[in-house]
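Q: I would like to go through this structure with you step by step. Could we begin with what it means for strands to be joined?

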Amino acid sequence: MTGTIYAPSTAVGGAIAIIRLSGEGCVKIARVILDRDIMVRPRELCRVSVMDGARALDDCMAVYLPAPRTYTGEAMLEIHCHGGPRTVQRILSRLAQTGARPAAAGEFSRCAFLNGKMDLSQAEAVMDIIQAESEQALSVALGQLHGSLSRRIQTLQEELVAAQAGMEAAIDYPDEVEAEVNATLPEQLRKAREGVARLIAEGRTGRILRDGLRVAILGRPNVGKSCLLNVLAGEDRAIVTPHAGTTRDVLDAKILIDGVPVRLFDTAGIRPEPDEVESIGIARARELAARADLILLVMDASEPLTDTDEVLLAETADRPRLLVANKSDLLSDSGDGSLCHRSDMTNRPPVTPDQCVSAKTGEGLEELKTAIVTTLAPNRHDETCITNERHLHALEQAQTAIQAALAAEELEEIATDVREALHALGGITGSDVNENVIDEIFERFCVGK
């Protein structure tokens, strides 16, 4: 797309709305619709009126930003008008009369990418900043906007390009340099592989920081799952009664723990021989537990383990989980009959909970929150951790190609694999990416950004 584009860049309905234009037609449009020439004072916010012929549409502030030192790399005009819907619509209609066209979703950022103001990973960080729900997610997104990920990708590319150059020289001049290249090439490839592997390992951390940690609260009826959800969320999200089977569907609540977004899911109590409706809720509980990042397997601290507890312990044994003993306020001083003991009085070892809490009194809840985030989320965040599934997929492709290169024996085969790895890494920054991928990325942006 070409031409001068325009769009509101703020939500309509506030005190002030900002309408943004970008393109070579900005100067002409400004001279047509504004009552004074603001181009003589570029980058300075000036008081103007937006005009439709002799009629003033609004009393505004406006600033002209000459290319190339702008967000898009093109000439830009910003109009800061009153934010009422009717006022904004008046000005947008006037802009349409000048030959400018409405911007498509993400088109301003797309222009910035195409004009070399940012690479593709930085452009994607723009939307991550807008959608960030925690301080850590915002810090990571800002770091990527400032090029933290781009720099690490560039380092990997430079290592692979150096290896590629050596191989091409060895292919062209085998007698002179082949022995030297064969000696240094494996180490070059291993170093690149390790760098890619580190970024991939950070991918899970990044996904948690951006999208949040999904935590399923699982257990048999009446162990206090709904009460635990309510106290962790700080509000009554779930109905709590002494009757088994009260919760029949999945309920959820979003909270922040140490800056990490956590989404808690309360599930139906799992028990044998449920009724038809309850069985649907139990099926959903098991499905959610299979997809969760972490399971809180809740048991009653005041009772021995039941057969259902044993089944759930076996079902979740290979999943990330915390064993939570609730109702600690009901434990006797001796602990007789508590969760630590099996109900069948056999010689099997006792079950030791990871956390012992009381949803009623609040005992142990702060320790449980800490355990939730430290089990899977990082104690510290790295501004270059991967938060984007597209980036993670590209890194996995690069890792596969580098591994193939290390396993190959002929220089021509190794060179082909290295080119594949470079192609995958170029897809992250946009230096080697097709138009369809670019379209798909910017279609997810909001209009005006």
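A: Two strands are said to pair if DSSP finds at least two bridges between them. Please keep in mind that the model is predicted.

Q: How many bridges join β7 to β10?

A: Four bridges join β7 to β10, and the two strands run parallel. Within this pairing, Val 215 stands opposite Leu 294 in β10.

Q: What is the partner of β7 in the pairing over five bridges?

A: That partner is strand β9, residues 260-266, and the sense is again parallel. Here Ile 217 stands opposite Asp 266 in β9.

Q: Is β7 mostly covered or mostly open?

A: Strand β7, which spans residues 213-218, is mostly covered, as five of its six residues are buried.

Q: What is the order of the strands in the sheet?

A: The order is β8-β9-β7-β10-β11-β12. These six strands make an open sheet with mixed pairing.

Q: Which strands stand at the edges?

A: The edge strands are β8 (251-257) and β12. Each has a single partner strand, so one side of each is left without a neighbour in the sheet.

Q: How do the side chains of a regular strand lie relative to the two faces of a sheet?

A: In a regular strand, they alternate between the two faces of the sheet.

Q: In what sense do β10 and β11 pair?

A: Strand β10 (residues 294-300) and β11 pair in the parallel sense, over six bridges. Leu 296 stands opposite Leu 322 in β11, and the bridge partner of Met 299 is Ala 325, also in β11.

Q: Why is β11 described as largely enclosed?

A: Five of the six residues of β11 (residues 321-326) are buried, so the strand is largely enclosed by the rest of the structure. To count as buried, a residue must have under 20% relative accessible area.

Q: Let us change topic. How many salt bridges are there?

A: A search of the whole structure finds 19 salt bridges. One of them joins Glu 78 and Arg 20, with their closest N and O atoms 3.9 Å apart.

Q: Where are Glu 78 and Arg 20 in the chain?

A: Glu 78 is in strand β5 (residues 76-82) and Arg 20 is in strand β2 (residues 16-22). The pair links distant parts of the chain, 58 residues apart.

Q: Are Glu 78 and Arg 20 buried or exposed?

A: Both Glu 78 and Arg 20 are buried.

Q: Which residue does Asp 300 meet in a salt bridge?

A: The side chain of Asp 300 meets that of Lys 327, at 3.3 Å from N to O.

Q: What about Arg 444?

A: The side chains of Arg 444 and Glu 440 meet in a salt bridge, with 3.9 Å from N to O. Arg 444 is partly exposed, with a relative accessible area of 48%. Elsewhere, salt bridges that share partners join Asp 52, Arg 55 and Arg 94 into one network.

Q: Which residues gather in the patch of negative charge on the surface?

A: The patch gathers Asp 175, Glu 176, Glu 178, Glu 409, Glu 410, Glu 412 and Glu 413. Two or more residues of the patch come from each of α7 (174-211) and α13 (411-429). The largest share, three residues, comes from α7.

Q: Is Asp 175 buried or exposed?

A: Asp 175, which has its place in helix α7, counts as exposed at 77% relative accessibility.

Q: One last topic: which residues of helix α3 are buried?

A: They are Glu 107, Phe 108, Ser 109, Arg 110, Cys 111, Ala 112 and Phe 113. That makes seven of the eight residues of α3 (residues 107-114), so the helix is largely enclosed by the rest of the structure. After α3 comes Gly 116, whose phi is positive, near 75°.

Methods
Residues numbered from 1 in each chain as written. Predicted model: local features only at pLDDT ≥ 70, side-chain atom pairs only at ≥ 80, totals over all residues. Heavy atoms only, no water. Patch = residues over 30% accessible without salt bridge, like charges linked within 9 Å, V, L, I, M, F, W, Y side chains within 5 Å. Areas by Shrake-Rupley, 256 points an atom, 1.4 Å probe, with all protein chains shown as cover. Salt bridge = Lys/Arg side-chain N within 4 Å of Asp/Glu carboxyl O. Lys, Arg positive; Asp, Glu negative; His and termini not counted. Charge placed at Lys NZ, Arg CZ, Asp CG, Glu CD. Buried < 20%, exposed > 50% of the residue type's maximum accessible area, 1.4 Å probe, protein only.
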